[in-house]
Amino acid sequence: SAMREARVKRTKTVCTFCGVGCSFDVWTKGRKILKVEPNTKAPANGISTCVKGKFGWDFVNSEERLSKPLIREGGSFREAEWDEALELIAKRFNEIRIQSGPQSMGFITSSKCTNEESYLMQKLARQVIGTNNVDNCSRYCQTPATVGLHRTVGYGGDAGSIQDIAKAGLVIIVGSNTAEAHPVLATRVKRAHKLRGQKLIVADLREHEMAARADLFIHPKAGSDLVWISALTKYIIDMGWADEEFIAKNVNGFKEFQESLAPYTLGYAEEVTGISKETLIQIAEMIYKADGTAILWAMGVTQHLGGSDTSTAISNLLLVTGNYGRPGAGAYPLRGHNNVQGAGDMGSAPENFPGYQRVDDPEAVEKFEKAWGVKLSQEVGINNHDMIEGIHEGTVKALYIKGEEMGLVDSNINHVHAAFEKLDFFVVQDMFLSRTAQFADVVLPASPSLEKEGTFTNTERRIQRLYQVFEPLGDSKPDWEIIQLVANRLGAGWNYQHPSDIMAEAAMLMPIYAGVSYERLEDYNSQQWPVQPDGTDTPLLYKDGFPMQDGKAKLYPVQWTKPLDFDEQYDIHLNNGRILEHFHEGNLTYKSKGIAEKTPEAFLEVSPELAEERGIRNGTLVRLTSPFGNVKVKCTITDRVKRKEVYLPMNDAGDGAVNFLTSSAADKDTDTPAYKDTRVKLEILQQE
Ligand code: SF4
C-alpha cells in the first residue's frame with residue numbers, strides 16, 4: 001500500500017562492486033535510497049565501505065532499466081509480454097537442440113548474480129539441455145588462480161580470512177591495484193603496515209597507491225613474474241631457508257620441483273625481468289625473516305599466456321617457505337566481482353559440477369544423475385572463449401548470456417561482435433540494453449541484487465545472505481525466477497519457491513557447502529567454506545593438511561611462457577585495469593549520477609618520458625592502434641606509468657573500450673584472455 005511504501009525501511013544487503021563482500025544496511029523510503037549504513041556486525045568490512053558501496057546504487061532506479069522483455073524485429077526491438085518471449089525462446093532452443101544437438105548451445109552465467117542463480121544456470125545447461133557448455137566471467141579474470149591453487153594446495157580459494165592478511169609479517173602484492181579494485185581490503189593492509197610494522201612489497205607495472213606506500217616497489221618487465229618468483233624460490237632453497245620441517249610433513253614432489261628450478265638463477269632473472277640480483281636477494285631475505293608471508297594477486301598475474309603457471313609459482317613459493325595453514329600467511333587471489341568465487345563454486349564451468357566435482361568423474365556423474373533424474377553428458381564442455389571460436393566455425397548456434405557484458409569485457413571485441421552477429425539465436429538477460437544485448441534476439445529484463453534474495457560468496461570463501469530491498473522494477477524479475485521460467489517452458493518441471501530451496505539442493509550435492517543453510521546465514525551471520533554438515537565452517541584453510549593425495553600439498557613444476565610477439569611498429573605496451581570510482585566497464589556506475597559527473601570518461605595514462613618524446617600534453621587526443629582494432633582517447637600525464645608503458649582503464653563503455661585493442665591470445669591452461677599482453681602504436685589526433 002501507499003502507506004507501507006512511504007515508511008522508512010532498513011535492509012541488510014551485500015555489496016556487488018567487488019569481491020571483498022562488504023555488507024551493510026540500506027535505508028530506503030519507497031524506491032528512494034536514503035543512505036547506506038555500515039554495521040559493526042559486518043564480517044568482512046565492519047564499519048568500512050568504499051565510494052562504490054556507499055554511493056554506487058542509483059542505477060537501480062535508472063530510466064534506462066529494462067522493464068519488459070524485448071524481441072528483435074528486423075533492425076530494432078519491440079516490447080513483449082513474458083509469455084511471448086518465453087514461448088519464442090523455448091521454440092528456438094528446442095529447434096536448435098534437435099537440429100544441431102545440445103553441444104551447439106552455450107550458457108554463460110554472471111559472477112554478479114547470486115549463488116542460487118548460477119546454480120540454476122548450470123543446471124539448465126546440464127539437466128535440461130544436456131550440455132556442459134557453461135561458463136562465467138571468472139574466465140576473464142581469476143580462473144588461472146583457481147587452477148594454480150587446485151594444482152598445489154587443493155582448494156581454489158583464499159587461504160584464510162581478510163582479517164588474517166593483517167596478521168602477516170610481510171604482504172606481497174603482485175599485479176593487483178588493490179587500493180582501487182578492493183578498497184576495503186586494501187585499508188586493512190594499509191593499517192597493518194602503518195600501525196603494526198607489517199612489511200609490504202608491491203610488484204607492478206604501475207606505481208599505484210599501494211606501490212607508493214610499499215617498503216619495496218619492483219617493476220618487472222611485463223609478463224615476466226613467473227621468472228622472478230621462481231628465482232626467489234630457488235635462491236631460498238639454495239640458501240637452506242626452505243621450511244624443511246613443513247615440507248617433510250605436508251608437501252609432495254620436492255625433488256622434482258627443485259630440479260625444475262634449475263634455469264631460474266638470479267642472473268637469468270635479472271636479465272629477463274630487469275630486477276637486480278641485489279633486489280631479489282633482499283626480497284628473499286624479507287620472506288625468510290617474516291613472521292608469515294601472504295601473497296595477494298589479481299589480473300596482472302592471471303591475464304597472460306602463462307597466467308595459471310605464474311599463479312602456480314606463487315603457491316609453490318608459499319609451500320617452500322611453509323606459509324600455509326596459519327593466520328597471516330598463504331595465497332590470496334583477489335576476486336574481482338562480488339560472486340566470482342561463488343559462480344565457480346556453483347559449477348559454472350565446463351569441467352565442473354557444483355563443488356568442483358568433475359563432469360568426467362563417474363562417481364560425480366552418478367550422484368548428479370540421481371539428483372536430477374536424467375542422463376548427463378560426461379564430455380567436458382567448452383568455455384566462453386571457445387564458444388566465440390565455435391560460433392565463427394559454425395559449431396555453436398545459440399547463446400544464453402545472463403548479466404555479462406561480454407561484448408565489452410571479452411578481449412578482441414571486434415571478433416566477439418562478429419560472432420554475435422553470426423548466431424542463429426541469442427538470448428541476453430540483463431538490467432539494461434547493454435552492448436551485448438544489442439546483438440540479441442530476445443532480451444529478458446532482470447533485477448539487480450537490491451531487488452532479490454540469495455547469497456554471495458566473497459573472495460575469502462564467505463557466504464552471506466542478501467535481503468530484498470525493493471520490489472522488482474516494472475516487469476523485471478530476479479534471475480533465478482527467469483531461469484526457472486525458461487527451464488519449465490522446456491519441460492523441466494522445477495518448483496523452487498524461494499532461493500533457499502535452491503541452496504538446500506546445492507548444499508546436498510556439494511561437500512564444500514554441506515552445512516550451508518539460510519537459517520545459519522540470517523542477518524549478518526556468515527559461513528566460510530568448506531562447511532561441514534553440522535554447520536562448522538573453515539575461516540582458515542589447511543590447518544589440518546591439504547585436500548589432496550595423503551593429505552599433502554604438491555609442488556607443481558612450471559616453466560615460463562614468453563609474452564606474445566608483436567610487430568615492432570607496435571612499440572608501446574598497453575596495460576589496463578580498474579579505477580576506484582567505476583565498477584568494471586562502468587555499465588552500472590555511469591548510471592550513478594555523482595560518480596558519472598566526477599569521472600565521466602576514461603583517460604589514457606602516459607608517462608612524462610613518453611609525453612616529452614611525442615609532444616603529448618594533458619588532454620591531447622590520441623589514437624591507439626593494435627593489430628585488432630583502434631580507439632581514440634584523451635591523455636593524462638602521470639609518473640604512475642613508466643617509459644613506453646601506457647594504462648587505459650576499462651571504464652569506457654563506448655568506442656574507447658580497451659578491448660577493441662586486446663587480442664584473442666589466452667592463458668594456455670584456461671583460455672583466460674591475455675589482456676595484459678597487448679602492444680599498440682600511438683598517433684596524435686588533436687592537441688587540447
Ligand atoms: Fe563494495 Fe568492494 Fe567497496 Fe566493499 S570494497 S564497498 S565490496 S566495492
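## The shell around the ligand

By class, the shell around the ligand is made up of eight nonpolar, five polar and one charged residues, where Ala, Val, Leu, Ile, Met, Phe, Trp, Tyr, Cys and Pro count as nonpolar, Asp, Glu, Lys and Arg as charged, and the others, Gly among them, as polar. Of the 14 residues around the ligand, those that come nearest are Cys15, Cys18, Cys22, Cys50 and Gly53; a residue is taken as near a molecule if its C-beta atom, placed from the backbone, lies within 6 Å of it. The model is a predicted one, in which local features need pLDDT of at least 70 and side-chain atom pairs count only at pLDDT 80 or more, while totals for chains, interfaces and linings use all residues. Residues are numbered from 1 along each chain as its sequence is written.

At least two residues of this shell are supplied by each of helix 2 (51–55) and helix 8 (183–195), helices being DSSP runs of H or I with at least four residues and strands runs of E with at least two, both numbered from the N terminus. Because domain 1 (2–61) and domain 3 (143–334) both give residues to the shell, the ligand lies between them.

The chain is divided into domain 1 (2–61), domain 2 (70–139 + 338–528), domain 3 (143–334) and domain 4 (572–686), with bounds that come from an automatic or database domain assignment. Taken over C-alpha atoms, the centres of domain 2 and domain 4 are separated by 30 Å.

Between these two domains, 16 residues of domain 2 are in contact with 17 residues of domain 4, contact meaning that the C-beta atoms of two residues, placed from the backbone, lie within 7 Å. On the side of domain 2 that touches domain 4, the elements giving two or more residues are helix 19 (384–393), helix 20 (406–409) and helix 21 (413–422), and the largest share, three residues, comes from helix 21. The residues on this side of domain 2 divide into four nonpolar, seven polar and five charged.

Seven strands form an open sheet with mixed pairing and the order 5-4-18-17-16-6-7, two strands being paired if DSSP finds at least two bridges between them. Strand 5 (76–79) and strand 7 (134–135) stand at the edges with a single partner strand each, so one side of each is left without a neighbour in the sheet.

Strand 4 (residues 70–73) runs antiparallel to strand 5 and is joined to it by four bridges, with Ile71 opposite Arg78 in strand 5. These two strands form a hairpin with two residues between them, and Gly74 in the turn has a positive phi of about 65°. Strand 4 is also joined to strand 18 by two bridges, again in an antiparallel arrangement, and here Ile71 stands opposite Val442. Strand 17 (residues 425–430) and strand 18 (residues 442–445), in turn, run parallel and are joined by four bridges, with Asp430 opposite Pro445 in strand 18.

Helix 4 (residues 115–129) lies across strand 6 (105–108), strand 7 and strand 16 (398–402), and runs at about 155° to strand 6; axes are lines fitted to C-alpha atoms, for helices over the stretch in contact, and angles run from 0 to 180 degrees between N-to-C directions.

## Backbone details and buried loop residues

Most residues other than glycine have a negative phi, and most peptide bonds are trans. The peptide bond from Trp529 to Pro530 is cis, with omega near 0°, and Pro530 is placed in the loop between strand 21 (526–528) and strand 22 (553–554). Arg461, which is not a glycine, has a positive phi of about 65° and lies in the loop between strand 19 (454–457) and strand 20 (462–466). Arg461 counts as buried, with 29 C-beta neighbours inside 10 Å; a residue is buried if 20 or more other C-beta atoms, placed from the backbone, lie within 10 Å of its own, exposed if 12 or fewer, and partly exposed in between.

Asp671, also not a glycine, has a positive phi of about 65° and is placed in the loop between strand 27 (645–649) and strand 28 (678–686), where Asp671 is buried with 22 other C-beta atoms within 10 Å. Asn659 is found in the loop between strand 27 and strand 28 and counts as buried with 28 C-beta neighbours inside 10 Å. Leaving aside its neighbours within four places in sequence, Asn659 is in contact with Leu408, Val409, Asp410, Ser411, Asn412 and Ile413.
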